[in-house]
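User: I would like to learn how to read helix packing and aromatic contacts from a set of coordinates. Could you take me through an example?

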Amino acid sequence: MATDPICGMTVDERRGLKVNQGGKDHFFCSAHCKNKFLKRSGEPVPAPQPKDTKTIYTCPMHPEVRQNHPGDCPKCGMPLEPIGAGGKEEEERKLVRSLSLKFWGGLALTVPVAVLAVGEMVPVLNIHTLVPMVVLSWVQFILATPVVLWSGGFFFTKAWQSLLNRSLNMFTLIALGVGAAYGYSAVAVLFPGIFPADFKMEGRINLYFEAAAVITVLVVLGQLLEARARSQTGQAIKALLGLAAKNAHRIRDGREEEAAIDDVHKGDLLRVRPGEKVPLDGIIIEGRTTIDESMISGEPIPVAKAAGERVIGATVNQTGTFVMKIEKVGAETLLSQIVHMIAEAQRSRAPIQKLADQVSGYFVPAVIFVAVVAFIVWWQTGPQPSLAYAIVNAVSVLIIACPCALGLATPMSIMVGVGRGAQGGILIKNAEAIEKAEKITHVLTDKTGTLTEGRPKVTVVHPAAGVDEALLLSVSGSLEQASEHPLARAVVDYLCARGMDVPKIEDFDSVTGAGVRGRLNGVVVALGNEKFITDTVGEVPRDLQDKAARMRIKAQTVVWVAQERKVLGVLGIADSVKATTPAAIRELHRLGLKVIMLTGDHRATAQAIAAELGIDDVRAEVDPAGKRKIVQEFKRAGARVLMAGDGINDAPALAEAEVGVAMGTGTDVAIESAGITLVKGDLNGIVKALKLSRQVMRNIRQNLFFAFIYNALGVPVAAGILYPLTGLLLNPMIAGAAMSFSSVSVISNALRLRRLKL
């Protein structure tokens, strides 16, 4: 360890910034202190490296599409979204403003076109006797042209891109339908003499400007509603970004100063007063308080904090003042990681979406084929003017079959569901995890830190006959001080609470899943489970074995301690069950799931806890590799496995399970291996996650049903299948309205997830 010559802080030489001056190394806690030192010494300060601010844009439905500027997906025509959380809000605002202008401008021009068209069709109004037909035709042409070419111009641009990329999509159908209706009518106005007699009804050619204009306005309205809905799906991210503190009270050279968050560095000391937000992630070094962590855990009850405990940026300090040392800044903070994870998950695709993609791939060419067949059948067999009827029905088929609802069905539900989960402290890595979680049959869970508090305490000390308790504790503390095992902390804390000194161990060695050994004052000492100590000393006293058995029945973990060839005694360590665990297990059972506990603890201790909680099965004395094998065993038996854990030893099993759930209180390795992370390390979060997955998948299936049924019923009706029976035909305007309604229904259904109670 070294001392920072600028701020006086203690710096770890392995992690601190180093400057060699005059043959002497100086270590600094942050770049700020390093640069200040260089400036004082008259040496050049390195220029700050420019940040790469280039944003990559991708398509939610086609993640393989990536480019460094905003635009539309060449495959489906959807607006591309930025990777990460930044930049999206401004693009959304621009899109909504543009579509709003196109909609309201188009609507203002479409209303008179529709009125004139209705007036022509209603004899009572006698519009044609007041205004010559030629004038009416030109007025409709002049009003409809900007609607189609300006308001709906992007249809044709996206349709052209779909043809160039050989990826037909919903805009291909819209552009063909609107283009056919408008183009036919425009030619009829500009060159009426080129049409043969069978195009005419009562001596004139029917115009379809009102259909082209109304369909355009309806489609633009659908796009506008979709854009607004997409902005609502990002509200979880916006809300989290808005929680971040903007300024902090930094302590430097004994003085307190106001500093912008961007100017705060690792190692800086900050003072946080009651009512203020915790600026960044760090550790309390002075003071105590209670903190509202509901923004990340979803739990309203404040959490008590004291010196040595970690605090999270953007949470709210409530009762006390404290000084904290900054450990994480920028993208390293939990808030930034949560935002990044949500953004990634919202863009991910569920396997069920492959069905929609496959259907869409065949659907558009099939619709075009049906439209061509309908055109030919009506032209050859329909009533006069048959060609006019043929065009109208072909256009209706193209418009009503637009698969936009099919394309929206899955992404909208995923985006809303991921955002709702984040608000409840459930962070979902990708859409696949949501789909797999719905089918889970078995929940395998680690004990320490998952079912229990993860803060074990020494409850019983039993020295062997003729052994002084102080010697037993001294040897235990010296060995455990060098260990990283959760139980080791309990032993060291016990000694510290009693004011005992802990001697330093030499030649320390750890045997995974068994125990530790070393040399104390030249004598070999060991600590671990009964088998480890038996292998070390040869035999353990019978009376201690009996005491150990009774301790295990009370759900205590037994730790054996030996010196040379003699057993010094045993320690009983208990880790209390979390208050929420019993109710959570009952709820998992109500959902029809089996709960299995995996632990490295002794079988008797594990079975005692399992009996208390009503757990279905117990696998005890399991090492990390064993946990993974058990997951594989259940999978081979046909089970759909969810594995929950919080430690490095759980990571292999988390990765092996269909769904890995990491407790947010756990290690980065466990979180990286999991598909779902619970910000609050609580088994009740698994219940919430499973309920969320079931509701999201139910919502997706509802959306797909709406889309498939709508298209399956709508296309035949638009083609005129009911005409021989009822004499009814589907007006292209009605087809356009029905198409827009289908998209709005899917969006509205997905947005219901925002109100889901977890």
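This is a predicted model: local features need pLDDT of at least 70, side-chain atom pairs count only at pLDDT 80 or more; totals for chains, interfaces and linings use all residues.

User: How do the axes of helix α4 and helix α5 lie relative to each other?

Analyst: Two packed helices are described by the angle between their axes and the distance between the axes. Here the axes of helix α4 (residues 133-151) and helix α5 (residues 153-164) come within 4 Å and cross at roughly 45°, and α4 and α5 are therefore oblique to each other. On the α4 side the contact involves Val148, Leu149, Trp150 and Ser151, while α5 contributes Gly153, Phe154 and Phe156; by class, this contact comprises five nonpolar, two polar and no charged residues.

User: How many aromatic pairs are there, and what is the geometry between phenylalanine 154 and phenylalanine 155?

Analyst: Rings count as a pair if their centres lie within 6.5 Å, and by this rule there are seven aromatic pairs. One of them joins phenylalanine 154 and phenylalanine 155 in an edge-to-face arrangement, with 4.7 Å centre to centre and 70° between the planes. Phenylalanine 154 is buried, at a relative accessible area of 17%, and phenylalanine 155 is buried as well, at 0%.

User: Are phenylalanine 375 and tryptophan 379 stacked, edge-to-face or tilted?

Analyst: Phenylalanine 375 and tryptophan 379 form a tilted pair, 5.8 Å centre to centre with 50° between the planes. Because they are four residues apart in helix α11 (residues 353-381), about one helical turn separates phenylalanine 375 from tryptophan 379. Phenylalanine 375 is partly exposed at 24% relative accessibility, and tryptophan 379 is partly exposed at 38%.

Definitions and conventions:
Residues are numbered from 1 along each chain as its sequence is written. Side-chain values use heavy atoms; hydrogens and water are left out. Axes are lines fitted to C-alpha atoms, for helices over the stretch in contact, and angles run from 0 to 180 degrees between N-to-C directions. Helices (H or I, at least four residues) and strands (E, at least two) are DSSP runs, numbered from the N terminus. Angles under 35 degrees count as roughly parallel, over 145 as roughly antiparallel, 65 to 115 as roughly perpendicular and the rest as oblique. Contact means heavy atoms within 4.5 Å. Ala, Val, Leu, Ile, Met, Phe, Trp, Tyr, Cys and Pro count as nonpolar, Asp, Glu, Lys and Arg as charged, and the others, Gly among them, as polar. Rings of Phe, Tyr and Trp (its six-membered ring) pair if their centres lie within 6.5 Å; planes under 30 degrees apart count as stacked, over 60 as edge-to-face and the rest as tilted. Buried means under 20% relative accessible area, exposed over 50%, partly exposed in between (1.4 Å probe, protein chains only).
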